[in-house]
Amino acid sequence: MLDDRAKLLLKTLVERYIAEGQPVGSRTLSRASGLELSPATIRNVMSDLEALGLITSPHTSAGRIPTARGYRLFVDTMLTAQRDQLPAPSLAPDQPQKVIANAANLLSSLSQFVGVVMAPRRTSVFKQIEFLRLSDRRLLVIIVSPDGDVQNRVIFPESDYSQSQLVEAANYINAHYAGLTIEQVRDRLQSEVEKLRSEIASLMQAAMQASSEVMTEAQDDVVISGERNLLSVSDFSSDMGQLRRAFDLFEQKAQLMRLLDVSSKAEGVRIFIGGESQVVPFEELSIVSANYEVDGQVVGTLGVIGPTRMPYDRMIQIVDITSRLVTNALSHRKP
């Protein structure tokens, strides 16, 4: 447990390092912290902080820099997000794809790092399902969502069906299940399957599986903006290996999807420092993320990816404001 003096010195060290990018020495700490302590006393405190794994000393300097663990303690217990003079950004209500693209650009331009936005999850509610016989035991399932989005999937049922049987099954499904989510239909099927004729039950189960797969595949959109901003970050510009790993991450969007999916299960702004997310195991990168909603329902996540040495208070503001703007734009967009 750190005493107040150690906390103040750690806070001062982190803030100075974020601002200047240079290891912080005892003399600088003494001036910046406002504490009337001798350099020897400060060095002793620094040694204690280093022993706790909160700071470290680069080989080429007598000063100290924060570790990922030090950043985490700073963010969790010492960070005070001040209201900077941020510009008053806006996102006009529009089609979701355009809102998401504009939001990623906004995150990038405000932060000068990388903006990432997970596209809204598609609704799992269906308005209509149709079946089209393509050949023996090969059917096309057409799934129409309430907003008119159409998804197709080819399925291979165990039995063969005539087109008239398919029309009858589709009419029954649309009459009794339209407007429900895939999950609700699946739950009802479990209790009603014995009451249904075998061909309708079989087709419904196949359709629900196809619908679920379509919804899952629709979740793979991540919009990324500002990757080139990392080229001007001194932490990366001196190490092309770090830059290469970062750009590889942006190309492998599946990793970002998993990270953003984890973030979507938490409320408020969430911060992953260094490699602690385990999904994006890079000590050099930190991620600040938040959810956004449509009509009160969480549908996606957005955030900023930048160096571990980033101004977290400003990133929190940027991410929080952008999530509210996206929520407002998507909830009030024109039909």
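Buried means under 20% relative accessible area, exposed over 50%, and partly exposed in between, with a 1.4 Å probe and protein chains only. This is a predicted model, in which local features need pLDDT of at least 70, side-chain atom pairs count only at pLDDT 80 or more, and totals for chains, interfaces and linings use all residues. Residues are numbered from 1 along each chain as its sequence is written, and side-chain values use heavy atoms, with hydrogens and water left out.

**View 1. Tyr71 and Tyr312 form an aromatic pair.** Rings of Phe, Tyr and Trp (its six-membered ring) pair if their centres lie within 6.5 Å; planes under 30 degrees apart are stacked, over 60 edge-to-face, and the rest tilted. The count by this rule is one aromatic pair. Ring centres of Tyr71 and Tyr312 are 5.8 Å apart and the planes meet at 55°, so the pair is tilted. Tyr71 belongs to helix H4 (residues 68-77) and Tyr312 to helix H12 (residues 312-331), so the pair ties together parts 241 residues apart in sequence. Helices (H or I, at least four residues) and strands (E, at least two) are DSSP runs, numbered from the N terminus. Both Tyr71 and Tyr312 are buried.

**View 2. Arg309 lies over the face of Tyr17.** The distance to the ring centre is 5.8 Å. A charge sits over a ring if NZ of Lys or CZ of Arg is within 6 Å of the ring centre and within 35 degrees of the ring normal.

**View 3. Strand E9 pairs with E8 and with E10.** Two strands pair if DSSP finds at least two bridges between them. E8 (residues 270-272) runs antiparallel to E9, joined by three bridges. Here Arg270 has Ser289 of E9 as its bridge partner. E9 and E10 (residues 297-307) are also antiparallel, over 10 bridges. Glu293 faces Val298 of E10. Two residues separate the strands in the E9 and E10 hairpin, where Asp295 has a positive phi near 55°. Eight of the 10 residues of E9 (residues 285-294) are buried, so this strand is largely enclosed by the rest of the structure.

**View 4. Ser108 sits in helix H5 (residues 96-111).** Ser108 is buried, at 6% relative accessibility. Its side chain reaches the backbone oxygen of Phe113 at 3.2 Å. Beyond its neighbours within four places in sequence, Ser108 is in contact (heavy atoms within 4.5 Å) with Phe113, Gly115, Ser225, Gly226 and Asn229.

**View 5. Arg186 is part of helix H7 (residues 182-192).** Arg186 is partly exposed, at 29% relative accessible area. Its C-alpha atom is 7.8 Å from that of Gln205, 19 residues away along the chain.

Note on methods
Polar contact = N/O pair within 3.5 Å; in protein donor to acceptor, adjacent residues only side chain to side chain.
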